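I opened this structure to look up what surrounds its ligand, and then went on to the backbone. My entries follow in the order in which I made them.

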Amino acid sequence: MRIDVITIFPDYLAPLELSLIGRARREGLVELVVHDLRVWTHDRHRTVDDSPLGGGAGMVMKPEPWAEAFEAVRTAGREQLGEHAQPLVVFPNPAGTPFVQDTAAQWSQREWIIFACGRYEGIDERVYEHLADQGYELALTSLGDYVLNGGEVAVLAITEAVVRLVPGVVGNAESLVEESHSQGLLEYPLYTRPASWTAPDGALREAPPVLLSGDHARIAAWRRDQAMERTARRRPDLLPDP
Ligand code: 6GU
């Protein structure tokens, strides 16, 4: 899979060198390229924004650098992937459709994603129209109902959620099946050794005995119950209407 990120803060994406994603990159499972939008400006101040037409607070990202950036990134991507390659262009945006586990699963099957990080109040609307006219597939996606200063932090989250589902990135594929959200419920509680633990306050804290029973059917039933109970308490919106 190839991922391009276009941003005015390339340093924000530095954590993508680390941990699981860093290893996936070194192993060649994911090609990730971060681009500085200001490369595609031509004035001395490398201007990417201007005041909103019609007035109002804040600044709007200018269309020209974005159009040039997409042209250059599309050319570079097709050089690597072949002329057939069609990127999905993702704009992180609090006004987008919700990014959920199913979105991550679908995007993990893509050959190529370009993330476009807006800052300030947003990007000139004509950029979206132009890209759609040029045949790009576009998606506006939101992490949740709150406002971040720009798309960069969202790209970190989305990239991690997507890349860990790319085959070969997470060693144990079974751990992807049981985890929270992948089956529509929150994950059951986890315990490890020691089964009897004396906490620093002197209290004896025992793991649930069922987990030591060796009875796999009872353990599975207990975990299902716990997942349901937890989901009902913390996220009743995830349960089907009773
Ligand atoms: Cl994806 N972007 C921004 N800028 N703010 C957000 C968001 C995304 N999701 C929630 N808030």
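**Entry 1: the ligand shell**

I sorted the shell around the ligand by residue type and noted seven nonpolar, five polar and no charged residues, where Ala, Val, Leu, Ile, Met, Phe, Trp, Tyr, Cys and Pro count as nonpolar, Asp, Glu, Lys and Arg as charged, and the others, Gly among them, as polar. I keep in mind that this is a predicted model, in which local features need pLDDT of at least 70 and side-chain atom pairs count only at pLDDT 80 or more, while totals for chains, interfaces and linings use all residues. Residues are numbered from 1 along each chain as its sequence is written, and side-chain values use heavy atoms, with hydrogens and water left out.

I listed the shell as Pro92, Asn93, Pro94, Thr141, Ser142, Leu143, Gly144, Tyr146, Val147, Leu148, Gly150 and Ala154, a residue being near if one of its heavy atoms lies within 4 Å of the molecule. At least two shell residues each come from β5 (88-98) and β8 (137-142), and β5 has the largest share, with three; strands here are DSSP runs (E, at least two residues) and helices likewise (H or I, at least four), numbered from the N terminus.

**Entry 2: polar contacts**

I looked for pairs of N or O atoms within 3.5 Å. A ligand nitrogen atom lies 2.5 Å from a polar backbone atom of Tyr146, a backbone N or O atom of Leu143 is 2.9 Å from a nitrogen atom of the ligand, and for a polar backbone atom of Leu148 I read 3.1 Å to a ligand nitrogen. The ligand taken alone exposes 290 Å², of which the protein buries 97%, by the Shrake-Rupley method with a 1.4 Å probe.

**Entry 3: the pocket**

I then found that the ligand sits in the largest pocket, meaning that more than half of its atoms lie within 2 Å of the pocket's grid points. A pocket is an open set of points on a 1 Å grid over the protein atoms alone, where a 1.4 Å probe fits, with protein on both sides within 12 Å along at least five of seven lines; lining residues have an atom within 4 Å of a point.

The volume is about 340 Å³, and the lining has 23 residues, with Pro92, Asn93, Pro94, Leu148 and Gly150 nearest the centre.

**Entry 4: backbone**

How values were computed. Polar contact = N/O pair within 3.5 Å; in protein donor to acceptor, adjacent residues only side chain to side chain. Points joined across faces, edges and corners; volume = space filled by probe spheres on them.
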